[in-house]
Amino acid sequence: MKPVDVAVGILVKPNGDVLLGQRPAGKPYDGYWEFPGGKVDPGETILEALKREFVEELGLQIHSAEEWCGVEYVYPHAHVRLHFYISRDWSGEPQSLEGQAFAWQGAVGVEPLLPATIPLLEWLEQVRYS
Ligand SMILES: Nc1nc2c([nH]c(=O)n2[C@@H]2O[C@H](COP(=O)(O)OP(=O)(O)OP(=O)(O)O)[C@@H](O)[C@H]2O)c(=O)[nH]1
C-alpha cells in the first residue's frame, strides 16, 4: 500500500488546551478521537492542506503553524504518513461543520484515540506549556 500524506493540526490555546475531534459515523474508525486534519490533495503543500481542512471541518483559520513530527502507521484500511503541526496562531471559534464532535482538552481524557495518535500525547506534554 502506498503511503498517504495526512496533514494534522494541534491547536493550542494560551492555557495549553488542545483541540480534538471525533471521527464521524461512516468513516473507518468512526467514534475515535483524533487531532483534526485530513489527506493532502495532489498539488497541495502539507501546510495548505492543513489550512483547508481546518476551514472545511471547523471554520477555523490557521495563520501559521510549525512542523512538529511525523508518524507513519499502517492500518487495515490505509497506510498513512501523518505530518503533525502545532499552531498557536489561529482565529475563529470551532464549529461542527461536518457533524463531528470536538473538545478542548487539558489532560487528554477523550477515548478511544486513533492508535497512531496515542504516542503523540506523551510528547505533547513536553511542549504544550512551553
Ligand atoms: N486527522 C487525523 N487523522 C489521523 C490521525 N491519526 C491517524 O491515524 N489518522 C489517519 O489519517 C487518515 C486521515 O484521513 P481522513 O480523515 O482525511 O480520511 P478518512 O479515512 O476519513 O477517509 P476519507 O476522507 O477518504 O473518507 C485516516 O486514515 C486516519 O485514520 C489524527 O490524529 N488526525
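This is a predicted model: local features need pLDDT of at least 70, side-chain atom pairs count only at pLDDT 80 or more; totals for chains, interfaces and linings use all residues.
**Figure 1. The open sheet of four strands.** The strand order is β4-β1-β6-β5, and the pairing is mixed. β4 and β5 each have a single partner strand and stand at the edges, so one side of each is left without a neighbour in the sheet. From one strand to the next, the twist averages 20°. β5 and β6 run antiparallel and are joined by eleven bridges. Within this pair of strands, Glu66 stands opposite Ile86 in β6. Helix α1 packs on the sheet, where it touches β1, β4, β5 and β6. The direction of α1 makes about 60° with that of β1.

**Figure 2. Helix α1 and what covers it.** Helix α1 consists of 13 residues, 46-58. At 1.5 Å a residue the helix should span 18 Å, and its end C-alpha atoms are 18 Å apart, which agrees. Buried residues in α1 are Ala49, Leu50, Lys51, Glu53, Phe54, Glu57 and Leu58. An α-helix has 3.6 residues a turn, so residues three or four places apart point the same way. The cover over the buried residues of α1 includes β1, β2, β4, β5 (61-74), β6 and β7. Just after the helix, Gly59 takes a positive phi of about 65°.

**Figure 3. The open sheet of three strands.** Here the order is β3-β2-β7, with antiparallel pairing. The edges are β3 and β7; each has a single partner strand, so one side of each is left without a neighbour in the sheet. Two bridges join β2 to β3, and these strands run antiparallel.

**Figure 4. Tyr29 in the loop between β2 and β3.** The loop that holds Tyr29 lies between β2 (18-22) and β3 (33-34). Tyr29 has a phi near 60°, a positive value in a residue other than glycine. Within 10 Å there are 14 other C-beta atoms, and Tyr29 is therefore partly exposed.

**Figure 5. Ser96 in the loop between β6 and β7.** Ser96 counts as partly exposed because it has 14 C-beta neighbours inside 10 Å. Not counting residues up to four places away in sequence, Ser96 touches Ala101 and Phe102. Ile10 and Ser96 are 86 residues apart along the chain, and their C-alpha atoms are separated by 17 Å.

Figure 6. Pro112 belongs to the loop between β7 (102-105) and α2 (118-125).

How values were computed
Residues are numbered from 1 along each chain as its sequence is written. A residue is buried if 20 or more other C-beta atoms lie within 10 Å of its own, exposed if 12 or fewer, and partly exposed in between; C-beta atoms are placed from the backbone. The expected span of a helix is 1.5 Å times one less than its number of residues. Two residues are in contact if their C-beta atoms, placed from the backbone, lie within 7 Å. Two strands pair if DSSP finds at least two bridges between them. Axes are lines fitted to C-alpha atoms, for helices over the stretch in contact, and angles run from 0 to 180 degrees between N-to-C directions.
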